[in-house]
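Hello,

Here is the structure for your files. Please open it next to this email, as my notes follow below.

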Amino acid sequence: MSFTEILIFLLERKKYSIGIPFLAGVLGFVVAWILPPYYKSEIRVVLDTGSKTMDMSSLLKNAVPSNLLGALGNGMQSSENEDLYLEIIDGRDVHLATIEKFRLDTIYKRAKYKETLIKQFYKDIKIEIDELTGVVSCAYEAKNKELARDLVRFIVEEANAKYIKLRKERALQTIEQLNSFKQSIVASADSVSEHLVNFYRDNNLLDLESQLKLTIATLASHEEQINNLKINESKAGSDNSTAAEFRKRRYILEKETQKLRGEFTKEYVPSKNSVYINSDWAVEKLIEQERLEANLKRIFMTLEMIESNIVMEESNAAKNTPIIQVVQDAYLADYKSKPKRVLWAIVAALISAAIIYSILIISGILKDEISCEEKTRDSLKKIFKACLHK
(Lines give C-alpha, C1' and ligand atoms only; values in the text may rest on other atoms or scores of the structure.)
Protein backbone atom coordinates (compact mmCIF):
# COMPACT_ATOMS: atom_id res chain seq x y z
CA MET A 1 0.00 0.00 0.00
CA SER A 2 1.56 3.26 -1.18
CA PHE A 3 0.48 6.87 -1.09
CA THR A 4 0.08 6.93 -4.90
CA GLU A 5 -2.18 3.88 -4.79
CA ILE A 6 -4.37 5.45 -2.10
CA LEU A 7 -4.51 8.77 -4.02
CA ILE A 8 -5.61 7.01 -7.22
CA PHE A 9 -8.16 4.97 -5.25
CA LEU A 10 -9.69 8.16 -3.79
CA LEU A 11 -9.67 10.04 -7.10
CA GLU A 12 -11.57 7.16 -8.73
CA ARG A 13 -14.31 7.86 -6.19
CA LYS A 14 -14.61 11.64 -6.68
CA LYS A 15 -18.29 11.46 -5.93
CA TYR A 16 -17.44 10.70 -2.32
CA SER A 17 -13.87 11.94 -1.84
CA ILE A 18 -14.51 15.39 -3.33
CA GLY A 19 -18.28 15.74 -3.46
CA ILE A 20 -19.05 15.08 0.20
CA PRO A 21 -16.33 17.46 1.61
CA PHE A 22 -17.51 20.10 -0.85
CA LEU A 23 -21.10 19.72 0.30
CA ALA A 24 -19.94 19.78 3.94
CA GLY A 25 -18.06 23.02 3.27
CA VAL A 26 -21.16 24.55 1.69
CA LEU A 27 -23.22 23.39 4.67
CA GLY A 28 -20.68 24.93 7.09
CA PHE A 29 -20.83 28.18 5.13
CA VAL A 30 -24.65 28.20 5.28
CA VAL A 31 -24.70 27.41 9.01
CA ALA A 32 -22.25 30.27 9.67
CA TRP A 33 -24.49 32.53 7.59
CA ILE A 34 -27.57 31.54 9.61
CA LEU A 35 -25.96 31.80 13.06
CA PRO A 36 -26.49 35.14 14.84
CA PRO A 37 -23.51 37.50 14.36
CA TYR A 38 -21.25 38.65 17.20
CA TYR A 39 -19.77 42.13 17.35
CA LYS A 40 -16.57 43.13 19.09
CA SER A 41 -15.83 46.41 20.84
CA GLU A 42 -12.53 47.42 22.39
CA ILE A 43 -11.30 50.24 24.60
CA ARG A 44 -7.63 51.08 25.02
CA VAL A 45 -6.33 53.08 27.98
CA VAL A 46 -2.97 54.11 29.37
CA LEU A 47 -2.34 54.29 33.09
CA ASP A 48 -1.29 57.48 34.86
CA THR A 49 -0.24 56.46 38.38
CA GLY A 50 0.90 59.98 39.28
CA SER A 51 3.54 60.74 41.89
CA LYS A 52 4.76 57.95 44.07
CA THR A 53 5.75 57.93 47.71
CA MET A 54 9.47 57.60 48.23
CA ASP A 55 10.65 54.17 49.32
CA MET A 56 11.00 54.76 53.07
CA SER A 57 13.47 51.92 53.69
CA SER A 58 16.01 53.39 51.27
CA LEU A 59 15.29 56.89 52.59
CA LEU A 60 16.10 55.83 56.14
CA LYS A 61 19.21 53.89 55.16
CA ASN A 62 20.62 56.89 53.31
CA ALA A 63 19.62 59.63 55.72
CA VAL A 64 19.65 58.11 59.21
CA PRO A 65 22.55 56.56 61.14
CA SER A 66 22.38 52.79 61.44
CA ASN A 67 21.90 52.81 65.21
CA LEU A 68 18.58 54.64 64.76
CA LEU A 69 17.05 52.35 62.14
CA GLY A 70 15.72 49.93 64.72
CA ALA A 71 13.55 52.64 66.22
CA LEU A 72 12.27 53.82 62.85
CA GLY A 73 10.87 50.57 61.48
CA ASN A 74 11.52 48.59 58.34
CA GLY A 75 10.16 51.13 55.82
CA MET A 76 7.35 50.97 53.27
CA GLN A 77 7.01 50.35 49.60
CA SER A 78 5.18 52.49 47.10
CA SER A 79 1.51 51.50 46.93
CA GLU A 80 0.78 52.88 43.48
CA ASN A 81 1.75 50.83 40.45
CA GLU A 82 0.33 49.55 37.21
CA ASP A 83 0.13 45.96 38.44
CA LEU A 84 -2.41 47.01 41.06
CA TYR A 85 -4.78 48.43 38.44
CA LEU A 86 -4.38 45.33 36.28
CA GLU A 87 -5.21 43.10 39.24
CA ILE A 88 -8.34 45.14 39.88
CA ILE A 89 -9.59 45.26 36.28
CA ASP A 90 -9.07 41.52 35.87
CA GLY A 91 -10.38 40.67 39.31
CA ARG A 92 -13.51 38.94 40.56
CA ASP A 93 -15.16 42.04 42.05
CA VAL A 94 -15.13 43.98 38.78
CA HIS A 95 -16.38 40.98 36.83
CA LEU A 96 -19.25 40.40 39.27
CA ALA A 97 -20.20 44.10 39.16
CA THR A 98 -20.22 43.93 35.34
CA ILE A 99 -22.35 40.78 35.31
CA GLU A 100 -24.90 42.35 37.65
CA LYS A 101 -24.88 45.71 35.83
CA PHE A 102 -25.67 44.20 32.40
CA ARG A 103 -27.68 41.18 33.60
CA LEU A 104 -25.32 38.78 31.88
CA ASP A 105 -27.03 35.87 33.65
CA THR A 106 -29.71 36.24 30.96
CA ILE A 107 -27.04 35.67 28.30
CA TYR A 108 -25.09 32.85 29.99
CA LYS A 109 -28.25 30.93 30.83
CA ARG A 110 -26.53 27.59 31.35
CA ALA A 111 -24.52 28.93 34.30
CA LYS A 112 -26.38 28.08 37.50
CA TYR A 113 -23.73 29.35 39.92
CA LYS A 114 -21.81 32.61 40.17
CA GLU A 115 -18.44 30.92 39.78
CA THR A 116 -19.57 29.19 36.58
CA LEU A 117 -20.97 32.48 35.32
CA ILE A 118 -17.68 34.27 36.02
CA LYS A 119 -15.70 31.54 34.23
CA GLN A 120 -17.89 31.80 31.12
CA PHE A 121 -17.66 35.58 31.15
CA TYR A 122 -13.89 35.41 31.63
CA LYS A 123 -13.59 33.42 28.38
CA ASP A 124 -15.27 36.22 26.41
CA ILE A 125 -13.58 39.24 27.98
CA LYS A 126 -10.02 39.88 26.83
CA ILE A 127 -7.80 42.15 28.94
CA GLU A 128 -4.21 42.59 27.80
CA ILE A 129 -1.32 45.03 28.29
CA ASP A 130 1.28 46.03 25.74
CA GLU A 131 4.64 45.56 27.47
CA LEU A 132 6.33 48.19 25.27
CA THR A 133 3.77 51.01 25.44
CA GLY A 134 1.97 50.10 28.67
CA VAL A 135 -1.41 50.45 26.92
CA VAL A 136 -4.16 48.29 28.44
CA SER A 137 -6.80 46.93 26.06
CA CYS A 138 -10.20 45.56 27.08
CA ALA A 139 -12.29 43.80 24.41
CA TYR A 140 -15.62 41.96 24.48
CA GLU A 141 -17.78 40.18 21.88
CA ALA A 142 -21.57 40.13 22.06
CA LYS A 143 -24.60 39.82 19.82
CA ASN A 144 -25.62 43.32 20.89
CA LYS A 145 -23.31 46.08 19.61
CA GLU A 146 -24.34 48.54 22.31
CA LEU A 147 -23.79 45.93 25.03
CA ALA A 148 -20.23 45.23 23.85
CA ARG A 149 -19.40 48.96 23.76
CA ASP A 150 -21.00 49.89 27.11
CA LEU A 151 -19.61 46.82 28.87
CA VAL A 152 -15.93 47.53 28.15
CA ARG A 153 -16.40 51.18 29.11
CA PHE A 154 -17.97 50.12 32.39
CA ILE A 155 -15.15 47.69 33.20
CA VAL A 156 -12.35 50.26 32.90
CA GLU A 157 -14.37 52.90 34.78
CA GLU A 158 -15.30 50.47 37.57
CA ALA A 159 -11.67 49.41 37.91
CA ASN A 160 -10.68 53.09 38.01
CA ALA A 161 -13.18 53.82 40.81
CA LYS A 162 -11.96 50.87 42.85
CA TYR A 163 -8.35 51.91 42.30
CA ILE A 164 -9.04 55.47 43.53
CA LYS A 165 -10.80 54.09 46.62
CA LEU A 166 -7.93 51.73 47.36
CA ARG A 167 -5.39 54.49 46.74
CA LYS A 168 -7.15 56.69 49.31
CA GLU A 169 -7.23 53.90 51.87
CA ARG A 170 -3.56 53.15 51.35
CA ALA A 171 -2.66 56.82 51.44
CA LEU A 172 -4.32 57.13 54.85
CA GLN A 173 -2.42 54.07 56.07
CA THR A 174 0.79 55.52 54.70
CA ILE A 175 0.14 58.86 56.43
CA GLU A 176 -0.35 57.02 59.72
CA GLN A 177 2.91 55.13 59.28
CA LEU A 178 4.77 58.28 58.23
CA ASN A 179 3.51 60.13 61.30
CA SER A 180 4.70 57.24 63.44
CA PHE A 181 8.12 57.47 61.79
CA LYS A 182 8.07 61.22 62.28
CA GLN A 183 7.47 60.87 66.01
CA SER A 184 10.36 58.41 66.30
CA ILE A 185 12.67 60.71 64.37
CA VAL A 186 11.65 63.77 66.42
CA ALA A 187 12.42 61.79 69.58
CA SER A 188 15.80 60.81 68.11
CA ALA A 189 16.49 64.45 67.18
CA ASP A 190 15.68 65.54 70.74
CA SER A 191 17.97 62.84 72.13
CA VAL A 192 20.91 63.76 69.87
CA SER A 193 20.36 67.51 70.53
CA GLU A 194 20.37 66.93 74.27
CA HIS A 195 23.53 64.84 73.94
CA LEU A 196 25.20 67.68 72.02
CA VAL A 197 24.17 70.25 74.65
CA ASN A 198 25.49 68.02 77.46
CA PHE A 199 28.69 67.55 75.47
CA TYR A 200 29.35 71.32 75.58
CA ARG A 201 28.18 71.70 79.17
CA ASP A 202 30.19 68.77 80.58
CA ASN A 203 33.35 69.86 78.77
CA ASN A 204 33.09 73.58 79.66
CA LEU A 205 33.07 74.54 75.96
CA LEU A 206 31.79 77.66 74.27
CA ASP A 207 32.68 77.03 70.64
CA LEU A 208 35.04 74.09 70.26
CA GLU A 209 36.19 74.88 66.73
CA SER A 210 36.83 78.57 67.49
CA GLN A 211 38.58 77.73 70.76
CA LEU A 212 40.83 75.22 68.98
CA LYS A 213 41.76 77.81 66.34
CA LEU A 214 42.55 80.37 69.06
CA THR A 215 44.69 77.81 70.91
CA ILE A 216 46.64 76.93 67.77
CA ALA A 217 47.26 80.62 67.05
CA THR A 218 48.48 81.09 70.64
CA LEU A 219 50.79 78.06 70.34
CA ALA A 220 52.27 79.52 67.18
CA SER A 221 52.87 82.84 68.98
CA HIS A 222 54.45 81.06 71.98
CA GLU A 223 56.74 79.10 69.70
CA GLU A 224 57.92 82.27 67.99
CA GLN A 225 58.53 84.03 71.34
CA ILE A 226 60.41 81.02 72.74
CA ASN A 227 62.73 80.96 69.73
CA ASN A 228 63.39 84.73 70.08
CA LEU A 229 64.12 84.34 73.82
CA LYS A 230 66.56 81.53 73.12
CA ILE A 231 68.43 83.76 70.67
CA ASN A 232 68.50 86.71 73.08
CA GLU A 233 69.60 84.44 75.92
CA SER A 234 72.44 83.11 73.83
CA LYS A 235 73.57 86.62 72.93
CA ALA A 236 73.43 87.84 76.55
CA GLY A 237 75.66 85.03 77.80
CA SER A 238 75.07 82.68 80.70
CA ASP A 239 76.17 84.58 83.79
CA ASN A 240 74.24 87.85 84.01
CA SER A 241 70.81 89.06 85.12
CA THR A 242 69.59 89.74 81.56
CA ALA A 243 70.17 86.14 80.50
CA ALA A 244 68.42 84.94 83.64
CA GLU A 245 65.37 87.11 82.85
CA PHE A 246 65.23 85.73 79.30
CA ARG A 247 65.50 82.19 80.67
CA LYS A 248 62.71 82.78 83.21
CA ARG A 249 60.35 84.14 80.57
CA ARG A 250 61.19 81.20 78.29
CA TYR A 251 60.40 78.64 81.02
CA ILE A 252 57.03 80.30 81.65
CA LEU A 253 56.13 80.19 77.93
CA GLU A 254 57.30 76.57 77.64
CA LYS A 255 55.13 75.62 80.61
CA GLU A 256 52.12 77.38 79.08
CA THR A 257 52.82 75.68 75.77
CA GLN A 258 52.90 72.29 77.49
CA LYS A 259 49.49 72.99 79.01
CA LEU A 260 48.03 73.91 75.62
CA ARG A 261 49.62 71.05 73.72
CA GLY A 262 50.76 67.92 75.46
CA GLU A 263 49.56 64.91 77.35
CA PHE A 264 46.36 65.26 79.33
CA THR A 265 44.68 63.12 81.95
CA LYS A 266 41.33 61.36 81.55
CA GLU A 267 39.85 63.79 84.03
CA TYR A 268 40.99 66.83 82.02
CA VAL A 269 38.34 69.50 81.49
CA PRO A 270 39.07 73.03 80.23
CA SER A 271 38.88 75.78 82.81
CA LYS A 272 35.80 77.99 82.86
CA ASN A 273 38.09 80.97 83.47
CA SER A 274 39.84 80.63 80.12
CA VAL A 275 38.85 80.07 76.52
CA TYR A 276 42.10 78.19 75.84
CA ILE A 277 41.98 74.38 75.66
CA ASN A 278 44.45 71.53 75.21
CA SER A 279 44.82 71.07 71.45
CA ASP A 280 45.30 67.27 71.55
CA TRP A 281 42.21 66.87 73.74
CA ALA A 282 40.27 69.28 71.50
CA VAL A 283 41.03 67.28 68.34
CA GLU A 284 39.48 64.15 69.87
CA LYS A 285 36.45 66.11 71.06
CA LEU A 286 36.10 67.81 67.66
CA ILE A 287 35.70 64.40 66.00
CA GLU A 288 33.02 63.46 68.53
CA GLN A 289 31.25 66.79 68.00
CA GLU A 290 31.26 66.38 64.21
CA ARG A 291 29.79 62.90 64.55
CA LEU A 292 26.95 64.21 66.74
CA GLU A 293 26.28 67.14 64.41
CA ALA A 294 26.32 64.85 61.35
CA ASN A 295 23.78 62.54 63.01
CA LEU A 296 21.59 65.52 63.87
CA LYS A 297 21.81 66.86 60.32
CA ARG A 298 20.79 63.49 58.84
CA ILE A 299 17.88 63.25 61.23
CA PHE A 300 16.62 66.72 60.27
CA MET A 301 17.02 65.86 56.57
CA THR A 302 15.00 62.66 57.08
CA LEU A 303 12.37 64.61 58.99
CA GLU A 304 12.06 67.05 56.10
CA MET A 305 11.68 64.20 53.60
CA ILE A 306 9.01 62.51 55.70
CA GLU A 307 7.05 65.75 56.06
CA SER A 308 7.23 66.18 52.29
CA ASN A 309 5.89 62.63 51.80
CA ILE A 310 3.09 63.26 54.30
CA VAL A 311 1.99 66.29 52.27
CA MET A 312 2.12 64.22 49.07
CA GLU A 313 0.11 61.36 50.58
CA GLU A 314 -2.48 63.80 51.96
CA SER A 315 -2.80 65.11 48.41
CA ASN A 316 -3.25 61.53 47.12
CA ALA A 317 -5.93 60.88 49.73
CA ALA A 318 -7.86 63.94 48.54
CA LYS A 319 -7.56 63.19 44.81
CA ASN A 320 -10.48 61.99 42.72
CA THR A 321 -8.66 62.23 39.41
CA PRO A 322 -8.92 59.12 37.21
CA ILE A 323 -6.03 56.71 36.92
CA ILE A 324 -6.80 56.05 33.25
CA GLN A 325 -6.39 58.10 30.10
CA VAL A 326 -8.41 56.83 27.13
CA VAL A 327 -6.26 56.24 24.07
CA GLN A 328 -9.05 54.63 22.02
CA ASP A 329 -12.66 54.82 23.17
CA ALA A 330 -15.06 51.91 22.81
CA TYR A 331 -16.97 51.87 19.52
CA LEU A 332 -20.03 50.41 17.77
CA ALA A 333 -18.74 47.73 15.40
CA ASP A 334 -20.11 47.95 11.84
CA TYR A 335 -19.00 44.41 10.91
CA LYS A 336 -19.35 41.14 12.79
CA SER A 337 -16.34 39.51 14.42
CA LYS A 338 -17.78 35.98 14.27
CA PRO A 339 -18.80 33.49 13.00
CA LYS A 340 -16.36 33.54 10.07
CA ARG A 341 -18.18 31.90 7.18
CA VAL A 342 -15.06 30.96 5.22
CA LEU A 343 -13.45 29.48 8.30
CA TRP A 344 -16.53 27.42 9.07
CA ALA A 345 -16.62 26.15 5.46
CA ILE A 346 -12.94 25.13 5.54
CA VAL A 347 -13.22 23.39 8.92
CA ALA A 348 -16.39 21.52 7.89
CA ALA A 349 -14.76 20.42 4.62
CA LEU A 350 -11.59 19.22 6.37
CA ILE A 351 -13.48 17.27 9.04
CA SER A 352 -15.77 15.59 6.54
CA ALA A 353 -12.80 14.83 4.26
CA ALA A 354 -10.93 13.16 7.12
CA ILE A 355 -13.97 11.02 7.96
CA ILE A 356 -14.81 10.10 4.34
CA TYR A 357 -11.19 9.31 3.43
CA SER A 358 -10.83 7.07 6.47
CA ILE A 359 -14.05 5.19 5.62
CA LEU A 360 -13.10 4.78 1.95
CA ILE A 361 -9.57 3.58 2.71
CA ILE A 362 -10.71 1.06 5.34
CA SER A 363 -13.44 -0.16 2.99
CA GLY A 364 -10.91 -0.52 0.17
CA ILE A 365 -8.57 -2.54 2.36
CA LEU A 366 -11.35 -4.85 3.54
CA LYS A 367 -12.54 -5.41 -0.05
CA ASP A 368 -8.99 -6.03 -1.34
CA GLU A 369 -9.24 -2.96 -3.56
CA ILE A 370 -6.12 -1.57 -1.88
CA SER A 371 -3.12 -3.84 -1.47
CA CYS A 372 -2.19 -4.48 2.13
CA GLU A 373 -0.46 -7.08 4.28
CA GLU A 374 -2.68 -10.01 5.18
CA LYS A 375 -2.14 -9.51 8.90
CA THR A 376 -3.26 -5.88 8.68
CA ARG A 377 -6.33 -6.81 6.67
CA ASP A 378 -7.28 -9.60 9.11
CA SER A 379 -6.84 -7.24 12.03
CA LEU A 380 -9.13 -4.67 10.41
CA LYS A 381 -11.75 -7.34 9.68
CA LYS A 382 -11.67 -8.49 13.30
CA ILE A 383 -12.04 -4.90 14.54
CA PHE A 384 -14.90 -4.28 12.10
CA LYS A 385 -16.72 -7.48 13.18
CA ALA A 386 -16.22 -6.61 16.84
CA CYS A 387 -17.78 -3.20 16.26
CA LEU A 388 -20.82 -4.77 14.54
CA HIS A 389 -21.19 -7.55 17.09
CA LYS A 390 -24.09 -7.04 19.50
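Is Trp281 buried or exposed? Trp281 is at 4% relative accessibility, so it counts as buried. Buried here means under 20% relative accessible area, exposed means over 50%, and partly exposed is in between (1.4 Å probe, protein chains only).

Two notes on the source. This is a predicted model: local features need pLDDT of at least 70, side-chain atom pairs count only at pLDDT 80 or more, and totals for chains, interfaces and linings use all residues. Residues are numbered from 1 along each chain as its sequence is written, and side-chain values use heavy atoms, with hydrogens and water left out.

Overall picture

The protein has 14 helices and four strands. These are DSSP runs, numbered from the N terminus (helices: H or I, at least four residues; strands: E, at least two). Of the 390 residues, 35% are buried. Residues 24 or more positions apart account for 75% of them.

Aromatic pairs

There are five aromatic pairs in the structure. Rings of Phe, Tyr and Trp (its six-membered ring) pair if their centres lie within 6.5 Å; planes under 30 degrees apart count as stacked, over 60 as edge-to-face and the rest as tilted.

One of the pairs is Phe102 with Phe154. Their ring centres are 5.7 Å apart and the planes are at 85 degrees, so this pair is edge-to-face. Phe102 sits in the loop between helix 7 (92–101) and helix 8 (114–124), and Phe154 in helix 9 (residues 145–202), so the pair ties together parts 52 residues apart in sequence. Phe154 has 16% relative accessibility and counts as buried.

Trp281 pairs with Tyr268. Here the centres are 5.3 Å apart and the planes at 75 degrees, so this pair is also edge-to-face. Tyr268 lies in the loop between helix 11 (241–260) and helix 12 (279–318), while Trp281 lies in helix 12, so the pair ties together parts 13 residues apart in sequence. Tyr268, at 22% relative accessibility, counts as partly exposed.

Helix 10

Helix 10 covers residues 208–236. Its 29 residues should span 42 Å at 1.5 Å a residue (1.5 Å times one less than the number of residues). The end C-alpha atoms are 41 Å apart, which agrees. Its buried residues include Leu208, His222 and Glu233. The buried residues of helix 10 pack against helix 9, helix 11 and helix 12. Just after helix 10, Gly237 takes a positive phi of about 90 degrees.

Best wishes

Conventions:
Contact = heavy atoms within 4.5 Å.
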